[in-house]
Amino acid sequence: MLEMKVNRDENTLTVVMKGVLDISTVDDFKKTVLGLQNQQEFQETKNLVFDFSRLKFIDSTGMGALATVIRKIGDRKCIQVKNIPPDIYEVFEILGVMEIFDNCNFEPMSKEASNS
Amino acid sequence: MKEVTVKAASLDEALRQGAAQLGLSVDEVGYEIIQEGKKGFLTSREWVVRIFPDAFKLVERKVKEIESSKITPPSADWEIKEEGSENRTGVGDGDGPELGPKDGHVAIVDGEVIITNPEPGGKMPILAPFDTTVEVYVNGEKIRAGKVVKEGDQVRLIPVNTVPVLKVEVEITADAMQAFLLIKKQTGYRYRIPDQGPARLLYVKTEVESAIEPNPPSEEYIHSLLKEKGVVYGINLDTLSTLQQLPDGEHKILVAEGRPPVPGQDATIEYLFLQRHAEEEKNPYRKGFSNSVEAGTVLAVKNPPTLGEKGIDIFGRTIESAPGKDVPLLVGEGVELINNGTVAVAAVDGMPILKGRKEKILSVVPVKVVEGDVDITTGNVFFHGSILIKGNVLDGFKVRATGDVEIWGSVIRADVYADGNVRVGKNVISSTVQAGGNTIVYEQCLPLFVELKKNIAGLLEVAEILKKQPAFSTKDLEQGEGRLVQMLIDLKFGAIPRLILRLNNLFKKSDEEILPEVYRVMVMLNEKLFGIAPLRIKKLDDLHVLLHNLEQVLELVHSTIVNKKDVICGYAQNSHVKASGDVIITDRGSISSQLDAGEEIKIEGKSVMRGGGARIGKKMVVQELGSEGESVVKIFMFPGSTLEAERVYPLVMIETPADKLNIERPGRMLTVNVDENGKIKAVSLKG
């Protein structure tokens with residue numbers, strides 16, 4: 001299951017993700033995010049933020065989908081993935097995601113938040 | 001003595017403040033500049049000045065006070081001449097104020113102080129110690145600065161002698177291999193007071209009567225010091241005799257030294273048949289050929305490893321030495337080991353060969369001898385070993401050998417291939433002759449294979465780590481682990497498909513046969529890791545198998561490159577001559593032939609290349625390239641190669657992977673250098 005909520009705040013469009021990003025949800029994920037491109041909100045904002053705070057896990061298909069999305073949108077938007085839970089952040093580190101997409105910003109979840 | 005350090009904006013200001021703090025006037029102080037100030041536009045620096053009472057000026061003041069208050073009223077000649085106030089430091093005889101005719105004075109004769117009071121109107125004599133080597137007592141009171149004296153004063157002068165000092169300590173290095181004596185030496189001095197004066201202001205000086213060297217420590221004492229520290233080995237006190245001559249100060253002298261361990265020598269193997277080979281190499285016609293041996297010949301001898309020598313530290317403790325490593329003498333077919341595996345002997349008649357990269361394996365391959373021509377009577381000659389043909393190789397016949405091939409006659413319309421060297425005594429006409437494998441293409445592909453291996457190993461490592469991550473779901477991999485591989489290639493290992501593509505292109509372009517092992521691994525790479533193939537991978541184990549195969553191919557490719565083999569012949573015409581090492585034409589040049597060499601092409605004797613062409617791995621040297629008759633010569637030069645020709649004619653076309661050069665008119669002394677990227681970087685040619 002993956003629930004996605006899109007919020008707009010001035011110059012920033014935030015996609016809050018709750019659930020898992022895996023083979024069962026990647027199609028939804030791609031459709032929702034790539035679908036944003038046609039909306040007015042997307043044209044009007046500068047930043048695109050993915051809030052991963054409630055993401056439980058990811059698999060290779062999900063990882064591939066995230067890469068696809070970043071490659072398709074990254075040159076037009078300032079992309080930020082924030083509140084990445086420690087476990088998932090470790091996966092990102094192993095894959096060297098931060099180096100590969102050095103034009104994006106990856107922020108781990110703060111310690112206090114991850115403990116609660 | 002009292003002194004102050006003052007900071008101020010100017011030197012004058014500093015002097016004024018300092019003098020005030022000392023309760024003196026500016027002309028009664030001396031000073032030393034610690035930091036010069038600076039006035040800048042934006043920044044400025046303060047003056048820092050150390051200020052102290054000037055002994056000489058103070059004495060002057062005292063004199064003034066005394067004389068003005070007690071003895072005589074001020075008079076016309078009262079004023080003291082200020083002489084050389086800048087260099088007041090060397091005060092002494094004659095430096096004091098001038099002795100007026102009426103002035104009192106003081107002198108030292110035979111150690112006795114003789115004081116003479118002034119006549120009326122004259123000034124009082126003053127006595128002061130010059131430095132700390134003398135103590136001056138006036139009426140039982142020790143004086144430090146100048147004191148006015150008069151006749152009848154009890155004056156005592158005591159020279160202050162210094163005591164000789166010699167301190168000795170033992171220092172031991174952390175590795176316990178050396179002990180040093182740390183010596184602090186100071187010579188003592190005995191002073192006497194020479195005759196001086198008369199002067200109105202007399203600074204009592206001393207002179208050295210004798211220097212007293214400290215007693216050098218006895219050997220027994222030093223032995224006891226060393227013993228105290230536990231030093232028992234390697235003591236050498238020879239240097240102690242020089243102690244007497246040491247200048248004052250601190251010194252460090254080596255007195256004991258351990259013996260470091262000597263590591264053992266690794267075993268070495270001498271291949272005796274190679275040494276003979278080297279001697280023969282002086283004769284180019286014999287280069288690398290037919291060094292056949294008879295059964296029983298000693299081929300190699302192993303020098304066993306040595307244990308090395310134990311060391312000992314200065315505490316007498318043994319230090320183990322590292323023994324040398326053993327190296328096995330490895331032998332294959334046709335060789336027997338005797339004497340506990342230290343001597344290798346040929347078991348059969350044949351040719352000794354050494355194969356392998358890291359571990360060399362010695363074997364003797366048999367030699368087949370064909371007494372006459374290879375023709376319809378012998379048929380094709382294929383032999384696992386080396387072949388010696390005493391006649392020619394004729395009309396459409398083939399010769400193949402896993403060792404060397406030596407042909408005393410010519411090769412005419414025939415085909416000769418050897419894994420080893422090929423020597424043709426006479427000519428190669430309308431034939432193909434090849435020695436060694438296709439090293440040129442393998443040299444190009446080796447770095448790509450190495451890079452590919454690194455990437456695949458890296459991918460497998462990351463895959464294993466990822467699978468263990470709690471936040472990384474592996475559910476989708478149940479249908480096949482290809483998704484994971486695809487994602488990793490997509491994200492992190494994009495180099496893998498790129499490298500495979502480059503290898504594909506390399507082998508496609510090369511018109512040569514490639515080794516079956518290499519072919520197989522290229523098929524696997526394309527089936528597993530190229531394009532969308534990774535998605536079809538079921539298990540990561542497939543990649544482990546691929547990696548294993550790749551490693552074997554790497555070893556094989558490497559040994560092919562290392563295994564440089566040469567072709568030598570007298571003359572080449574309408575032929576293709578290929579060698580992984582050198583192609584050497586000894587007699588009448590290359591006519592309408594293609595010469596390919598992984599290393600060098602040397603055309604000796606009548607040195608010409610007319611028509612045909614060459615592929616140069618490293619270097620080609622020829623006198624005449626092309627001809628007046630305008631024959632086309634196509635030269636291909638690999639990166640890093642060089643071409644030298646004394647005379648060159650039009651229609652010579654030079655090509656590199658990234659460049660081209662056509663010779664349009666005759667010239668002399670052509671030199672062409674190709675850089676690592678395949679660009680022609682330097683050409684010199686005289687018209």
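Q: Which side chain does the side chain of B:Lys602 meet in a salt bridge?

A: Some conventions come first. This is a predicted model, in which local features need pLDDT of at least 70 and side-chain atom pairs count only at pLDDT 80 or more, while totals for chains, interfaces and linings use all residues. Residues are numbered from 1 along each chain as its sequence is written, chains are lettered from A and ligands numbered from 1 in the order in which they are written, and side-chain values use heavy atoms, with hydrogens and water left out.
A salt bridge is a side-chain nitrogen of Lys or Arg within 4 Å of a carboxyl oxygen of Asp or Glu. Here the side chain of B:Lys602 meets that of B:Asp582, at 3.8 Å from N to O. This pair links distant parts of the chain, 20 residues apart: B:Lys602 is in strand β46 (residues 600-603) of chain B, and B:Asp582 is in the loop between β42 (576-579) and β43 (583-585) of chain B. Helices (H or I, at least four residues) and strands (E, at least two) are DSSP runs, numbered from the N terminus.

Q: Why does B:Asp582 count as buried?

A: Buried means under 20% relative accessible area, exposed means over 50%, and partly exposed lies in between (1.4 Å probe, protein chains only). B:Asp582 counts as buried because its relative accessibility is 10%. B:Lys602, with a relative accessible area of 26%, is partly exposed.

Q: How many salt bridges does a search of the whole structure find?

A: The search finds 27 salt bridges over all chains. One of them joins the side chains of B:Arg200 and B:Asp103, at 3.9 Å from N to O. The two residues are 97 residues apart, with B:Arg200 in the loop between β16 and β17 of chain B and B:Asp103 in the loop between α2 (55-71) and β6 (105-109) of chain B. Both B:Arg200 and B:Asp103 are buried.
Another salt bridge joins the side chains of B:Lys310 and B:Glu320, also listed at 3.9 Å from N to O. B:Lys310 is in the loop between β21 (298-303) and β22 (311-312) of chain B, and B:Glu320 is in the loop between β23 (318-319) and β24 (330-331) of chain B, ten residues apart. B:Lys310 is partly exposed at 45% relative accessibility, whereas B:Glu320 is exposed, with a relative accessible area of 54%.

Q: Which strands are joined to strand β8 of chain B by bridges, and in what direction do they run?

A: Two strands pair if DSSP finds at least two bridges between them. Two bridges join β8(B) to strand β11 (residues 147-148) of chain B, and these strands run antiparallel. B:Leu127 stands opposite B:Lys147 in β11(B). Four bridges join β8(B) to strand β17 (residues 201-204) of chain B, and here the strands run parallel. B:Pro129 stands opposite B:Val204 in β17(B).

Q: Which residues of strand β8 of chain B point one way, and which the other?

A: In β8 (residues 126-129) of chain B, B:Ile126 and B:Ala128 point one way and B:Leu127 and B:Pro129 the other way; all are buried.

Q: How far apart are B:Gly197 and B:His105 in sequence and in space?

A: They are 92 residues apart in sequence and 8.1 Å apart in space, C-alpha to C-alpha. B:Gly197 lies in strand β16 (residues 196-199) of chain B, and B:Gly197 is partly exposed, with a relative accessible area of 37%.
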